[in-house]
Structure formats: C-alpha cells, structure tokens
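Please read the points below with the sequence and the structure open beside them.

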Amino acid sequence: MSKRIQVSDLDIFYGDFKAVEQVNMEIEPRTVTALIGPSGCGKSTFLRSLNRMHEVVPGGRVSGKVLIDGEDLYGTGVDPVAVRRQVGMVFQRPNPFPTMSIYDNVVAGVKLNGGRMRKAALDSLVEETLRGANLWEEVKDRLNRPGSSLSGGQQQRLCIARAIAVKPAVLLMDEPCSALDPISTLAIEDLMQKLKAEFTIVIVTHNMQQASRVSDRTGFFNIAGTGKPGKLIEIDETSIIFSNPKVPATNDYVTGRFG
Ligand SMILES: Nc1ncnc2c1ncn2[C@@H]1O[C@H](COP(=O)(O)OP(=O)(O)OP(=O)(O)O)[C@@H](O)[C@H]1O
Ligand SMILES: [Mg+2]
C-alpha cells in the first residue's frame, strides 16, 4: 500500500528544547487526519515539520525522517521552497494578502513559483480553484476587490484556494476554523470533505466534533508535563479513537475528563 506521508522516529527541537519526541505515523493519500491534544503538546510544531516551516524559527531543527511519496523532505539537496509547494498550509487566522485582489490572491502562489500563464489560462485556473474552494458563486462578480473585503469565513476559503491553486499533494491546516463562526466552520468542513478526493489533508483541531465529523483517522498527542516533549500517544481510525481507544489517556481526553 503506498503511503503519502511516512514519519519515522521524528524528534523536533527549538534549540536545546525537544518539543516533540519520537513520532511515527503513516498517512494514506486522499484521507483526512485530525491531530488533537492539549495545548502545548506540539501539534502545530509537528504540523510545521511536515513542510519544513519549522526550521524558519531560529534554532528550529528535526531529527528522523519525513517521507512524502517516498522522498525524504529533509534529504540533502532538497529545496524547502519546493517542499512547501508540494505541501501547502492554511493557518488559524485567515491571512489573505489584504490589498491584493481576490483574483491575485488565488494566483499568488502560482506566480511566485514562476509560472507564466496566459490570461485565459489564469482566468480558468482562478474559476476552477474558487469553485473547488466553494467560493466562486460568492465572489465571481467582485474578483478585483481586495482580499480583505471578504468575511472571515470567505477569507479562509480564499486562503484554501490560494493553497490548492498550486496543486499540492498535501494540505496542512492548523485550527483553520478557530476564528470562524459555526456556519463558516461547517462551510470549511464541507470543503474538506470535497478536497480529500484530490488532496491528503492533515488538520489540527481542538474541536472534538470537528475531528469526528471530518477525519478518517485521528492522532492524539499528549505531554507528560511542562518542559517535557510532546508525544503521539495513539493514532487510529477516528471512530475507534472516539469510542474505543487503546490508551486510557486518549479516552480521558476525548471524553473531556482531562487535567
Ligand atoms: N517559536 C518557538 N520557540 C520556542 N518554543 C516554541 C516555539 N513555538 C512553540 N514552542 C514550544 O513548543 C511546544 C509545543 O508548542 P506547539 O505550539 O506546537 O503546541 P500546540 O500543541 O500546537 O498547542 P496549542 O494547542 O496551544 O496550539 C510548547 O512547549 C511551546 O512553548
Ligand atoms: Mg497549535
């Protein structure tokens, strides 16, 4: 069985501080994996290690392996910029380029990658991508308005459009709905269901209902105490994690009996 992502013996450091220890994880293509766990257990740190965003922090480094489609992201000579094209990311706060138009936001990544396309090809990419992001109907008459003119939920779908326009293999999402109202949250969840036909999605969420609604598999991270590294305690099918996990701490966490 081919794996899209294979993580082995991954340790993640901020300088001397080991924030995450010994993660082993395999992720199949076209699935949604939810990562859950208490604050500070290293979910965001782990997510950023999957597209080499972690090393942007001074002192940020990893040991171990992360394979995407069999290629080691941390192999010698691998260009982190190329990795980030292959593994896109959507953040907690919608961060469209505020003064750039909706249209230009969608194609920003494509242009950054040096893609030169004719206007007609760009137009159809913008339409196809915005349709893919469930945003087209809401913005088709105002593509030249700034990204900041959209509602928060629309801005987040615009950021998803920007991320998928470059056709990454993997889409990482760090609490993508935490700044959104319930309706916009459901819109993003619907979108994730649709996107998984094409992309492999890894999402960090504090919302247990969201994890159970959107994901195929769920990984529970935990931390033994302040200053200790976070660990992946258990990863399994989402229905198992929420109904019959193997580790008692997982059960305590998903049933809200924690700390
Ligand atoms: N830039 C940084 N420099 C040093 N330490 C950091 C940095 N970012 C995070 N950490 C530390 O790494 C550990 C894991 O943090 P991380 O943000 O990954 O947790 P998290 O599980 O995403 O938490 P939350 O649910 O609150 O977002 C924490 O101890 C945190 O203080
Ligand atoms: Mg986080």
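1. Where does Leu 50 lie? Leu 50 is in the loop between α1 and β4; helices (H or I, at least four residues) and strands (E, at least two) are DSSP runs, numbered from the N terminus. At 1% relative accessibility Leu 50 counts as buried, where buried means under 20% relative accessible area, exposed over 50%, and partly exposed in between, with a 1.4 Å probe and protein chains only. Leu 50 and Val 202 are 152 residues apart in sequence, and their C-alpha atoms are 9.7 Å apart in space.

2. A note on the basis of these values. This is a predicted model, in which local features need pLDDT of at least 70 and side-chain atom pairs count only at pLDDT 80 or more, while totals for chains, interfaces and linings use all residues. Residues are numbered from 1 along each chain as its sequence is written, chains are lettered from A and ligands numbered from 1 in the order in which they are written, and side-chain values use heavy atoms, with hydrogens and water left out.

3. Arg 52 is placed in the loop between α1 and β4 (60–68). The phi of Arg 52 is near 65°, a positive value in a residue other than glycine. Most residues other than glycine have a negative phi. Arg 52 has a relative accessible area of 11% and is therefore buried.

4. Lys 167 also has a positive phi, near 55°. Its place is in the loop between α6 (152–165) and β7 (170–174). With a relative accessible area of 48%, Lys 167 is partly exposed.

5. Two further C-alpha pairs join residues from separate stretches of sequence. Lys 3, in the segment before β1 (5–14), has its C-alpha atom 7.8 Å from that of Gly 70, 67 residues apart along the chain. Lys 3 counts as partly exposed, at 21% relative accessibility. Ala 179 lies in the loop between β7 and α7, and its C-alpha atom is separated by 6.3 Å from that of Arg 93, 86 residues apart along the chain. Ala 179 is partly exposed, with a relative accessible area of 34%.

6. Ser 184 belongs to helix α7 (residues 182–195). Its relative accessibility is 12%, so Ser 184 counts as buried. The side chains of Ser 184 and Asp 181 are joined by a polar contact of 2.5 Å. A polar contact is a pair of N or O atoms within 3.5 Å; within protein, one must be able to donate a hydrogen and the other to accept it, and residues adjacent in sequence count only if both atoms are side-chain atoms.

7. Which residues come nearest to ligand 1? Of the 14 residues around ligand 1, they are Ser 39, Lys 43, Ser 44, Thr 45 and His 206; a residue is near a molecule if one of its heavy atoms lies within 4 Å of it. An oxygen atom of ligand 1 is 2.5 Å from an N or O atom in the side chain of Ser 39. Polar backbone atoms also take part: one of Gly 40 is 2.8 Å from a ligand 1 oxygen, and one of Cys 41 is 3.3 Å from a ligand 1 oxygen. The protein covers 63% of the 630 Å² of accessible area that ligand 1 has on its own, by the Shrake-Rupley method with a 1.4 Å probe.

8. The elements that give two or more residues to the shell around ligand 1 are β2 (17–27) and α1. Helix α1 gives the most, with three residues. By class, the shell has six nonpolar, six polar and two charged residues. Ala, Val, Leu, Ile, Met, Phe, Trp, Tyr, Cys and Pro count as nonpolar, Asp, Glu, Lys and Arg as charged, and the others, Gly among them, as polar.

9. The structure holds two aromatic pairs. One of them, Phe 46 with Phe 221, is tilted, at 5.4 Å centre to centre and 45° between the planes. Rings of Phe, Tyr and Trp (its six-membered ring) pair if their centres lie within 6.5 Å; planes under 30 degrees apart count as stacked, over 60 as edge-to-face and the rest as tilted. Phe 46 lies in helix α1 (residues 43–49) and Phe 221 in strand β9 (residues 217–223), so the pair ties together parts that are 175 residues apart in sequence. Both Phe 46 and Phe 221 are buried.
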